Structures are given as C-alpha cells and as structure tokens.
Amino acid sequence: MMGKCEAAQVEVFSMIGKDELIKRESEAIIQTYTRQDVVLVRGSGAVVWDCDGKEYLDFVAGIAVNNVGHCHPMVVEAIKRQAETLIHTSNLYYTENQVLLAEELKKLTGMKRAFFCNSGAEGVEAALKLTRRATGKSKVVAAERCFHGRTLGALGITYKAVYREPFRPLDEATFVPYNDPEALKAAVTKETGAVILEPVQGEAGVYVPDPDYLRAARQICDDSGALLIFDEVQTGFGRTGRWFGKDNSGVMPDIMTLAKALAGGLPMGAMLAAESVSEVFQRGDHASTFGGGALVSAAALATIEAMKCERLVERSAELGAYMRSELKKLQPREVRGLGLMIGLDLGADCKQVVQMARERGVLLNNTGDHTIRLVPPLVVTKEQIDRVVKVIGESL
Ligand code: PLP
C-alpha cells in the first residue's frame, strides 16, 4: 500500500507503505517506544498528514516541540540558507549563530550565560554537573511526579520508580510532594546541592503550582545555600502563556534547562546559568561536539523571531484560556494548565479517547494515569481548537 498526501501542494509519498514500514520498524529499531498506529509524512502549522493522505490536527506537536507549527516558513528558510553555507564545525572554533542565540536567550530569560547541547536530558546533565562544580555537593531534591529525562543522571532525579529501578545504582534524588513548601523545606539540608523543579509539571499530567510555591523554593535555597534549577524543557518558549514558565511567578533560578521548542523542531538543548554560577565551569569541564552548531542555532534564532513576529506568547495565553474554558464544558474531572499547556483529567484511562480522536483526525497524547495532555502548536486557530474540543467531546 503506497499512500499519497492529497492535501499537500508537493506530493509526498510513503515509499514503503504503512504495514510494511511497521513490520520493518519492529525488526530494525530497538523496541523502546510504544507508537500510535500512524505513519506521518508531512506537516504544516497545526496540521499533519499520514501516508494515506489523512489529515490530523496535531495537539501533541512533537511533545511540546513544534511551538511555531510544523515547517514554519521562517524556520525552513533559515535552515535552508544555513545548510547551504555551513552545517557543522564543532566547538573548536567560533561560530556567529551560537553567540547571537546565547545573547537572545540572555535577553529573554535574564540569565547570564548559555551552554548548548542537544536534548533536554543533556541540559539536565549539564545542570547536575554545574551543581557539583559550584557547590561540591551531589545531593538533589526533586518533586514527586517530576520528569527530567532518561540519561543516567537525569533518570536518578526522575520520580517514576519503574523508570529507575532497572538501572540502579543511580544517584537518586530525595523526592518531595510538589507544591508543598513545608515538605521542600524539611527535605533541603546543608548537604543539598540543588533543588530541581518544573515550573509546571508536564509529563506528570500538567500540574500548575501556586505562584508562592516557586517563591518559597527560592527562599529555601537561599537559606540553605542550595542552587535552584528550573527545568523549562517543556514549559519554555511561550508554552505556558509567558516566554518561560518562571515568568508566571517572577522567580529567577540559578540554572535553567531548555530544549524541545528551542530550535523549531531540530534537536537542541541548553543550560543557562545565572550570574552566581555563570563562571564556575572551567575550560574542559563540559563539552558537546554538536552543541550550539551553526544549523540548529540558525533554526533557533528563526524560531524566536517567528514567535515574536506572530505574538505567539500572547496567543498561547489567550487561546489557552479559551481552550480551558471550552474543555470545562465537557465536565471532566479537572482541567489544569497555563497557556497552551493543558491537562484534561478524565479520572479514568484515556487510551480509548486518544484512539477515537485519532480516527476522527485529531492527535492527542495521554500522560500520567488519567490525563490527556494538550500541547498544540501555538499557531493553532480558534476554529481548530473548537474542532478538537468537539472531537474530544464525541470521543468521551
Ligand atoms: N525535562 C522535562 C521537563 C521534560 O519534559 C523532558 C522530556 O519530556 C526532558 C527533561 C527530557 O528531554 P529529552 O527527551 O529532550 O531528553
């Protein structure tokens, strides 16, 4: 079976066809993923097409990656131009885009310096290493339900025991209930190197803390000498209706991690350090062959430019509030979120809803035990939101 993407101006074919591809994937790829039964071949804005030409509204957005939408023309143009000029050099040399991007991130976040890597987990690893170098301490306090990645360091501070157990020994965090300042205070000691928090918990099912919680965390760290790390891998770049999740509370961390939406869909991560720790790493303390490469940095600069041109941060706040109010009309157990980072808590297994919505042309993702996470591209329209809410309503 060979599919054709009918809605596309450029014809896009699956060369292999769905059934054959799925069979070959199972034989060629190490089986760590549970995939949905779709072969995607093209995307534009908030829409993707499968190999049979079927169109879907994409409310997964590459797991909160495609904030500027699929194949945003400014990002595509920047990638094309850079690909024809210089793709990779390593960090043995200076390249302009990397410095321009670091300066842009400094302006947007108020942090002092950047280290570039290639994923969220790598950003977290860099943060853990910087913590050790800055404080001489390795103990970390993290939140229950948190997710920080799957590499060994990040895994040790990720909450779900089923993820950690097969890979022990790990340097494991002390986990405390999220949004509970007293519990955090009790757990942080003179031995604590850092407290790491997501400004909104994503993988857990989208949990928003009280603004006072992050302020209390800042105070607890200041009192104990521990560093405060905000993992903004998922909450960054307009997702929560502000440029960064931290901006909802006004709290500045010592270290911030970024990835996902940073480079418009290309793999890129970053660790940003505040003034207090920005000069701790010495030459050779950390490195990445690909980190901050010319191509991904060009894509990231274009992504940020597109976000500004299209006022996507404001759009996320406005449309997020609209979507949450529409979802509440479906009378679920709970609707949580900030901006276009929304958790629809159904209080029951969501797998069937996800499947039925997919059959009706909507891509959804369930996370946590009973929550559908809605993280559409920020370029999504009100009409597309209406359609998705209607489809979810029909699927319930
Ligand atoms: N930190 C947070 C808050 C995340 O949501 C994720 C991924 O979902 C990660 C870290 C890991 O990012 P990556 O999959 O790019 O390693």
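**Terms and the values behind them**

Author: In helix α11, the buried residues are Leu312, Val313, Ser316, Leu319, Gly320, Tyr322, Met323, Arg324, Glu326 and Leu327. Buried means under 20% relative accessible area, exposed means over 50%, and partly exposed lies in between, with a 1.4 Å probe and protein chains only. The model is predicted: local features need pLDDT of at least 70, side-chain atom pairs count only at pLDDT 80 or more, and totals for chains, interfaces and linings use all residues. Residues are numbered from 1 along each chain as its sequence is written, and side-chain values use heavy atoms, with hydrogens and water left out.

Reader: What covers the buried residues of α11?

Author: The cover includes α10 (294-309), β11 (334-338), β12 (341-345), β15 (371-374) and α13 (382-395). Helices (H or I, at least four residues) and strands (E, at least two) are DSSP runs, numbered from the N terminus.

Reader: Why does Glu314 count as partly exposed?

Author: Glu314 is placed in helix α11, residues 312-328. Its relative accessibility is 36%, so Glu314 counts as partly exposed.

Reader: What makes α10 mostly covered?

Author: Of the 16 residues of α10, 12 are buried; among them are Ala294, Leu295, Val296 and Met307. The buried residues of α10 pack against α3 (73-83), α4 (96-109) and α11. After α10 comes Arg311, with a positive phi near 50°.

Reader: Which residues touch the most other members of the largest nonpolar core?

Author: They are Leu197, Phe237, Leu364 and Leu374, in a core of 105 residues. A nonpolar core is a set of buried Ala, Val, Leu, Ile, Met, Phe, Trp, Tyr and Cys residues joined through side-chain atoms within 4.5 Å. The largest share of this core, 7 residues, comes from α10.

Reader: Why is this core said to lie between domain 1 and domain 2?

Author: Domain 1 (19-71 + 311-395) and domain 2 (75-309) both give residues to the core, so the core lies between them. The domain bounds come from an automatic or database domain assignment.

Reader: Why does Thr95 count as buried?

Author: The relative accessibility of Thr95 is 13%, so Thr95 counts as buried. Thr95 lies in the loop between α3 and α4. Not counting residues up to four places away in sequence, Thr95 touches Leu86, Thr89 and Gly292, where contact means heavy atoms within 4.5 Å.

Reader: Why is Ala61 called buried?

Author: Ala61 has a relative accessible area of 0%, so it is buried. Ala61 is placed in helix α2, residues 61-64. The phi of Ala61 is near 55°, a positive value in a residue other than glycine.

Reader: Where does Lys260 lie?

Author: Lys260 lies in the loop between β9 (255-258) and β10 (269-273). Lys260 is not a glycine, yet its phi is positive, about 35°.

Reader: Which residues does a cis peptide bond join?

Author: The bond joins Arg168 and Pro169, with omega about 10°. Pro169 is in the loop between α7 (161-164) and β6 (174-176).
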